[in-house]
Amino acid sequence: GAMEDKRNIPIIEWEHLDKRKFYVFGICMTMMIRVSVYPFTLIRTRLQVQKGKSLYKGTFDAFVKILQTEGTVGLYRGFLVNTFTLISGQCYVTTYELTRKYVSRYNNNNAVKSLVAGGSASLVAQSITVPIDVVSQHLMMQRKGESMGRFKVRNRDGKRLLVFGQTKDIIVQIFKADGFRGFYRGYVASLLTYIPNSAVWWPFYHFYAEQLSSLTPKDCPHLLLQAISGPLAAATASTLTNPMDVIRARVQVEGKSSIVLTFKQLMAEEGPWGLTKGLSARIISATPSTIVIVVGYETLKKLSLRPELVDSRHW
């Protein structure tokens, strides 16, 4: 009956959107999230790269120590460079939607569509993200007077280099050390982290949403269910893919080329617990962004519906 139709979470497809609105809203929203969660991304990377607990005991400890020794600037190292990954975010969404549309010609099962689209979208996004990541992670590693990574930003005549000076400096150093391949260090590790991450996220998201939906009263707003199932799915995906993420960070920062050797070394030095490094910081950085992405993505789609469709749909 009409009541059940209402309950089925409507999936807004690509054709129904006003693309320009969608991108503008999307970018503004993403920037707001980025600024709020970036410090945790930086902390997560430092925790994953440090030997044992040599510098920081955990997320909170790192937060306090970085603030004390390096100030707010310390928490935002590499931020500007990292902002370029916005492009890959837009490519991700576009690829996701277009692949979904393409797959639906052959198969209309939502899980299949989500899996294939999530995987392809990650592939495209990672090809753009990895080089930016490699550079911004090296910047994240710069601490007062030393670096945790392979490269240290040189100071000219004792003056600290400005942000873009540092960036250029790191880029030049990476290129000198490894050539063009240097920017794709950890590309495979990245794919092995993010493709499963995004492939696992969507099915879990739909699964949690359906579970919650059956548990909650009929008049409970969809948006709330989505705002809860998003982070749950993210935490689940993060936990499953964290071991690979630690290895990815180490490969990229320490310039190793072998995933297997990095894994063995980590296990030898820190045991299985080493694989959970940076997990809580990762979940902290994933949660607000996931809530905003989920709620935002759905709201965005509603805001960006082409005007003639707005009245024809009951939200």
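## Two helices crossing

Helix α2 passes helix α5 in a right-handed crossing, meaning that the near helix is turned clockwise from the far one by less than a right angle. The model is predicted: local features need pLDDT of at least 70, side-chain atom pairs count only at pLDDT 80 or more, and totals for chains, interfaces and linings use all residues. Residues are numbered from 1 along each chain as its sequence is written, and side-chain values use heavy atoms, without hydrogens and water.

The two helices pack at an angle of about 130 degrees, and their axes lie 11 Å apart. Axes are lines fitted to C-alpha atoms over the stretch in contact, and angles run from 0 to 180 degrees between N-to-C directions. The pair α2 and α5 is therefore oblique. Oblique covers what is left after under 35 degrees (roughly parallel), over 145 (roughly antiparallel) and 65 to 115 (roughly perpendicular).

## Gln48 in α2

Gln48 sits in α2, residues 19–49. Helices are DSSP runs of H or I, at least four residues, numbered from the N terminus. Gln48 is buried, with a relative accessible area of 0%. Buried means under 20%, exposed over 50%, and partly exposed in between, using a 1.4 Å probe and protein chains only.

Leaving aside residues up to four places away in sequence, Gln48 touches several residues, including Asn242, Val246 and Lys277. Contact means heavy atoms within 4.5 Å.

## Ala111 in α6

Ala111 belongs to helix α6, residues 110–140. Ala111 is partly exposed, at 43% relative accessible area. Ala111 and His206 are 95 residues apart in sequence, yet 8.7 Å apart in space, C-alpha to C-alpha.
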